[in-house]
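Hello,

Here is the structure I promised to pass on. Please open it first, then read my notes below.

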Amino acid sequence: MRKTRFIILLTAIVAVLVTCTVGCTKPDRSEEAQKLKTELQQIAFTTPEKAFARIDSAERVGLFSPAQANLNRTNFYGQMGQTRLAIFYGDQIVNVPELKREGAPYYSALLLLSGWLQRTGEYGKVLRLCDEIIADVEHEREQGGGISGISEEVALRVKSRALVLKGGCELDMKHPDKAEQYYLEGIDIMMDGMRTSAKLGVI
């Protein structure tokens with residue numbers, strides 16, 4: 001009798017655990033998040049206050065992670081010309097593994113951050129960041145798209161832009177020979193990207 005009660009109790013506990021495992025799993029809200037990103041693009045310029053309020057709200061309810069929220073903030077502040085705030089939030093998205101899943105928008109934000117830093121004269125920081133971007137996209141290419149899922153064409157475009165940014169910094173620092181080296185390398189890679197696009201039938 002005692003053994004029977006124990007088995008019944010154990011069965012009930014297992015049932016509760018299984019129910020919780022199924023019922024307590026976070027729902028997939030990726031489609032909802034994507035819809036919000038599209039909405040944000042539409043309202044960012046017309047009603048920026050509403051866009052930032054929507055980002056804050058999405059972060060509070062878990063629709064955006066803090067990193068995803070900061071990615072959106074840095075992009076919108078940059079588009080609005082508020083460089084300091086764009087840099088502040090941009091610094092918080094550097095080397096955040098989860099953002100690689102955003103693909104091209106993540107690398108685009110890092111390149112924009114590099115451009116803003118260049119304008120403020122932080123050349124050493126730009127050069128380091130561009131080196132990290134280049135190493136990262138090269139790794140992604142070797143992995144056939146890797147975590148980010150970026151195409152060969154996008155990887156080459158990102159690398160080319162990073163090299164051009166490095167060239168701009170070297171020119172600002174009065175290093176014309178180094179600047180020319182980076183510019184030429186960036187152009188070569190851009191041409192490789194165009195050839196890749198032509199092979200794939202991408203205009």
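Predicted model: local features only at pLDDT ≥ 70, side-chain atom pairs only at ≥ 80, totals over all residues.

The side chains of S65 and E98 are joined by a polar contact of 2.6 Å. S65 sits in the loop between α3 and α4. Its relative accessible area is 18%, under the 20% cut-off, so S65 counts as buried. L99 is 34 residues away from S65 in sequence, yet the two C-alpha atoms are 9.7 Å apart.

L99 leads on to the core. The largest nonpolar core has 48 residues. L99 is among those with the most contacts inside it, along with L40, F64, Y107, I133 and V158. Two or more residues each come from α2 (30–43), α3 (48–60), α4, α5, α6, α7, α8 and α9 (176–200). Take L40 as an example. Beyond its neighbours within four places in sequence, L40 is in contact with A51, R54, I55, F64, N72 and F76.

Next, helix α6, which covers residues 104–119. It has 16 residues and reaches 23 Å from first C-alpha to last, close to the expected 22 Å. Its buried residues include Y106, Y107, L110, L113, W116 and L117. What covers the buried residues of α6? Among the elements that do are α4 (66–79), α5 (83–91), α7 (123–142) and α8. Just after α6, G121 takes a positive phi of about 85°.

Helix α8 spans residues 152–172 and holds S160. Is S160 buried or exposed? S160 is buried, because its relative accessibility is 6%, under the 20% limit. Leaving out residues up to four places away in sequence, S160 touches G186, I189 and M190.

Last, the aromatic rings. There are four aromatic pairs. F52 and Y77 are stacked, at 4.2 Å centre to centre with 20° between the planes. This pair links distant parts of the chain: F52 is in helix α3, Y77 is in helix α4, and they are 25 residues apart. Both F52 and Y77 are buried. F88 and Y89 make an edge-to-face pair, because their planes stand at 80°, with ring centres 5.0 Å apart. F88 is partly exposed at 47% relative accessibility. Y89 is buried, with a relative accessible area of 18%. F52, Y77, F88 and Y89 form one aromatic cluster.

Best wishes

How values were computed: Residues numbered from 1 in each chain as written. Heavy atoms only, no water. Helix = DSSP H or I, 4+ residues; strand = E, 2+ residues; numbered from the N terminus. Buried < 20%, exposed > 50% of the residue type's maximum accessible area, 1.4 Å probe, protein only. Contact = heavy atoms within 4.5 Å. Expected span 1.5 Å × (residues − 1). Core = buried A, V, L, I, M, F, W, Y, C linked by side-chain atoms within 4.5 Å. Polar contact = N/O pair within 3.5 Å; in protein donor to acceptor, adjacent residues only side chain to side chain. Phe/Tyr/Trp six-rings, centres within 6.5 Å; stacked < 30°, edge-to-face > 60°.
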